[in-house]
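Colleague: I am new to this structure and would like to know what stands behind the labels. Please show it, and I will ask as we go.

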Amino acid sequence: MMQDVRRHGGFRLELTPTTTSPLSIDVMESTEMRIQRLIMENPLIIFSKSSCCMCHVMKRLLATIGVHPTVIELDDDEIGEANMAGEGGGGGGPPAVFIGGTRVGGLESLVALHLSNQLVPRLVEVGALRTDLVL
C-alpha cells in the first residue's frame with residue numbers, strides 16, 4: 001500500500017509491503033536490489049530529502065517542464081543513501097536523479113542537461129514526458 005503523508009506543505013511517499021503496487025517492497029529484497037528495481041521500473045526517479053534546497057529546486061524545475069517524477073524521500077532512511085551511485089557513478093547522496101535507469105547526477109547535472117536542450121528530448125525518449133498533448 002502506498003500512502004501520501006502531508007508534510008511541510010508537500011507530500012512524502014511512504015513505502016509499505018504490498019504485492020499490488022509497482023513501488024512495493026519485498027521484505028526479502030535487499031536494499032541495493034530495491035533501489036535498482038525502483039530505478040529500472042520508473043522512467044524518472046529522484047532520491048531526495050525534504051530539507052534539501054537543491055532537491056526542492058530539482059523537483060520545481062521538472063514540474064515547470066511538466067513532468068512528475070517518482071520521488072523517494074530519504075528523510076527516514078526508507079532506502080539507504082549509500083547505494084544510490086547507479087550506473088553514472090558519482091556521489092551517493094541526494095539529490096540524485098535517474099532518467100531511463102541511468103544516473104544523471106544531482107541538480108548541477110540536471111540544469112546542465114536543461115540548458116543544453118538535452119533534458120526534454122531525453123525525458124520524451126524514456127516516456128517521462130509526452131509531447132503529443134496540446135494545451
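Colleague: Why is Glu73 called buried?

Modeller: Buried means under 20% relative accessible area, exposed over 50%, and partly exposed in between, with a 1.4 Å probe and protein chains only. Glu73 has 4% relative accessibility, so Glu73 counts as buried. This is a predicted model: local features need pLDDT of at least 70 and side-chain atom pairs pLDDT 80 or more, while totals for chains, interfaces and linings use all residues. Residues are numbered from 1 along each chain as its sequence is written, and side-chain values use heavy atoms, with hydrogens and water left out.

Colleague: What makes Glu73 and Lys59 a salt bridge?

Modeller: The term asks for a side-chain nitrogen of Lys or Arg within 4 Å of a carboxyl oxygen of Asp or Glu. In this pair the closest N and O atoms are 2.8 Å apart. Glu73 lies in strand 4 and Lys59 in helix 2 (residues 53-65), so the pair ties together parts that are 14 residues apart in sequence. Helices (H or I, at least four residues) and strands (E, at least two) are DSSP runs, numbered from the N terminus. Lys59 has 22% relative accessibility and therefore counts as partly exposed.

Colleague: How many salt bridges does the structure hold?

Modeller: Two. Glu41 also forms one with Arg37, where the closest N and O atoms are 3.3 Å apart. Both residues lie in helix 1, four residues apart, about one turn of the helix. Arg37 is buried because its relative accessible area is 18%, whereas Glu41, at 43%, is partly exposed.

Colleague: Why is the pair Phe47 and Phe98 called edge-to-face?

Modeller: Rings of Phe, Tyr and Trp (its six-membered ring) pair if their centres lie within 6.5 Å; planes under 30 degrees apart count as stacked, over 60 as edge-to-face and the rest as tilted. By this rule there is one aromatic pair. The ring centres of Phe47 and Phe98 are 5.8 Å apart and the planes stand at 85°, so the pair is edge-to-face. Phe47 in strand 3 (residues 44-48) and Phe98 in strand 5 (residues 96-99) are 51 residues apart, and the pair links distant parts of the chain. Both Phe47 and Phe98 are buried.

Colleague: What joins the side chains of Thr70 and Asn42?

Modeller: A polar contact of 3.0 Å. The term means a pair of N or O atoms within 3.5 Å; within protein, one must be able to donate a hydrogen and the other to accept it, and residues adjacent in sequence count only if both atoms are side-chain atoms. Thr70 is in strand 4 (residues 70-73), and its 19% relative accessibility makes Thr70 buried.
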